[in-house]
There are 2 protein chains.
Amino acid sequence: MTTIRDVARRAGVSIATVSRALHGLPRVSEATRQRVLAAAAELHYVASPSAASLAGGQNMAIGVVAPSVNGWFVATVVHSAERLLRPAGYDVLLYSLGVDPHERSRAFAGNVLRKRVDAVLVVGIRPEPDEIAALSAVGGPVTVVGAEVPGWASVRVDDGAVGRCAVRHLLDLGHRRIAYIGSEPEGPAEPVASAGRRAGYRDELTAAGIALDPALEVDGGFTVRGGMEAMDALLAAGPPPTAVFASSDEMAMGAVHVARQAGLRIPRDLSVVGVDDHDMAELFDLTTVAQPVYSQGVMAAELILRRLAEPHRDPPALVVPTSLIVRGTTAPPAGSDTG
Amino acid sequence: MTTIRDVARRAGVSIATVSRALHGLPRVSEATRQRVLAAAAELHYVASPSAASLAGGQNMAIGVVAPSVNGWFVATVVHSAERLLRPAGYDVLLYSLGVDPHERSRAFAGNVLRKRVDAVLVVGIRPEPDEIAALSAVGGPVTVVGAEVPGWASVRVDDGAVGRCAVRHLLDLGHRRIAYIGSEPEGPAEPVASAGRRAGYRDELTAAGIALDPALEVDGGFTVRGGMEAMDALLAAGPPPTAVFASSDEMAMGAVHVARQAGLRIPRDLSVVGVDDHDMAELFDLTTVAQPVYSQGVMAAELILRRLAEPHRDPPALVVPTSLIVRGTTAPPAGSDTG
DNA sequence: CTGAAAGCGCTTACAG
DNA sequence: CTGAAAGCGCTTACAG
């Protein structure tokens, strides 16, 4: 293996000088620097990250903690963040938590990341106290996408507003019996966003004088399949809703499919609103509350890089705007004046 | 920071013994091992991966090289592979290549990975000679999903068969003017699979005595948007096809959408077949050539772990089966007997 | 501007 | 079964 020693020998300098020259540090003459660079190139030298970390104290790596890259929101955020992190010299270490929250302690993520990464990016989960402690123990700054944690930088949408916006749209159309598809209610591992959107859903219904019906709040696990199962559950139970607010487009699309299979016409017999404006929402003609996903990844990466450069700045809590996009899956209920 | 020295002191042993005990190596008395484990736990000790790598020669990390995690196939493979790699003690280092092949040399990936990872997983790209050289220089075994490279382990489908299968289905329905949506033809960075599927498409048409029409082969970039643009191009040029074979479901769904926007009825006026059996293919009622994506990720991870354990085994080249799933986007052409 | 040297925190023969 | 010591390949004060 080619080491810094080989480069030093070839360039006729000490290893200290090689290190300085390669890092572009001052106090190296231009002539020497060129000689070192040439030697390193000829030998195809690549510094050992392990050795550099051990000696220098920096890992040049960012840990990404997410429920699963196998999901549109997370994949998009991770991808966009990596596009900034990589050019800045940082590696991206993926740490997917299991889909099943009980499968293994999520706090475990903190230990795996310790002494490995310089900063952590948390995507799509609302960390609980023990997880916050574990991730804090990692040592570097933590940035969260999709939730707000005191003391950490964050980028997110206003989930309460998202829920209210979706439900208001349905109420305006004349719906009164509106279901909510999110994640398991306030479980120990409720995914990011669901709690806030559920709260917005409840607030808006309550404000309209509509009583909440627990049977109308079901678990969709934030996947297409989960959305299908949720719709199945809604159709199996009592009187069906005339409208559904799903906390993600993936769940919304699953719900639409199952409803159609059951013979319901969308939107005549059932209106459906999602959240995200997923790549395929337009193809699906899905009404949704759009959020800027790619931008949130970029903003998170910028926050990370800035805090790494200036550790003492206050971590900002950014909120990005959302907007309702009305497409073909929502309409007044069948029996209404306009129906 | 807690180091191995602190644990040694607390347990009343040398650091060598701590290292052995923590790694479960033999030649440590049970009593000593327990004492060390207890001390490590009390101190919340986590070994420094950098120091361990430097001293031990192993990085305990796998590099994943893929075009972009922001794509269903890649995200699913990466996710499933990680589910085996992580429990085996390996970190997953994500290295997404830019979408734009000219953006930066893909061979660069090799250098970034050198001295960082113990093995490489290549997903969704067909490495070119210089890339093969660069990734070989990484030192560890390389495993490829979606292509076959001599000397490397691989898991893939038979892309030629995929193309022939899709086209045969369309021919059987009576179509004669069939378009192909894939990636840029034989460009310097043609994504995995497209070349093979294109070849299968051409072979099957030729075997049926149908002349190839270059105007019917368009670029869809393996994204929803790309599929939309490809369909736009097909509709803008000469006489439109009566059927389209798209090399991925994402492109197929984009194509279906644009065709519908243009007033075509699917499948009456245009049949469309995709590849993958994407999560949403069923919702879209899309006819497709299904491939086991999750399994390919799992198999790849198994191949990696096995080769890491037994470096001298021959790297297998696995081929997994595909199957045509006929749904609602294909039918005989409008003017046919059955139409 | 440059070099010698200490030290980062481990693993692993080598002795005992 | 256990420990002392060398060494992995760098970075970074400290001298000069």
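A cavity is a set of grid points where a 1.4 Å probe fits but cannot get out. The exercises below use this term for a predicted model.

**Exercise 1. The largest cavity**

Task: State how much space lies in the largest cavity, and find which residues and helices line it.

Solution: 
- Step 1. Begin with the count: the structure holds four cavities of 30 Å³ or more.
- Step 2. The largest cavity contains about 170 Å³ of space. Its lining is made of 16 residues, and those closest to its centre are A:S50, A:R116, B:P49, B:S50 and B:R116.
- Step 3. Turn to the helices. At least two lining residues come from α4 (49-56) of chain A, and at least two from α4 (49-56) of chain B.
- Step 4. Sort the lining by class: six residues are nonpolar, six are polar and four are charged.

**Exercise 2. The contact between the chains**

Task: Describe the contact between chain A and chain B by its residues, its buried area and its salt bridges.

Solution: 
- Step 1. Chain A brings 53 residues to the contact, and chain B brings 53 residues.
- Step 2. The size of an interface is often expressed as the accessible area lost when the parts come together. Here the area buried between chain B and chain A is about 4500 Å², with 58% of it from carbon and sulfur atoms.
- Step 3. Two salt bridges are counted between the chains. The cut-off for a salt bridge is 4 Å from a Lys or Arg side-chain nitrogen to an Asp or Glu carboxyl oxygen. B:R116 and A:D91 meet in a salt bridge, with 2.2 Å from N to O.
- Step 4. Link this to Exercise 1: B:R116 is also among the residues closest to the centre of the largest cavity.

**Exercise 3. The second largest pocket**

Task: Find which helix gives the most to the lining of the second largest pocket, and how that lining divides by class.

Solution: 
- Step 1. The volume of the second largest pocket is about 1600 Å³. It is lined by 47 residues, of which B:V46, B:A47, B:S48, B:P49 and B:A52 are the closest to its centre.
- Step 2. List the helices that each supply at least two lining residues: α4 and α6 (108-113) of chain A, and α2 (15-23), α3 (30-42) and α4 of chain B.
- Step 3. With seven residues, α4(B) gives the most.
- Step 4. By class, the lining has 21 nonpolar, 19 polar and seven charged residues.

Technical notes. Residues numbered from 1 in each chain as written. Chains lettered and ligands numbered in written order. Predicted model: local features only at pLDDT ≥ 70, side-chain atom pairs only at ≥ 80, totals over all residues. Heavy atoms only, no water. 1 Å grid on protein atoms, 1.4 Å probe; cavity = no way out; pocket = protein on both sides within 12 Å on 5 of 7 lines; lining within 4 Å. Points joined across faces, edges and corners; volume = space filled by probe spheres on them. Helix = DSSP H or I, 4+ residues; strand = E, 2+ residues; numbered from the N terminus. Nonpolar A, V, L, I, M, F, W, Y, C, P; charged D, E, K, R; others polar. Contact = heavy atoms within 4.5 Å. Buried area = accessible area lost by both parts, 1.4 Å probe.
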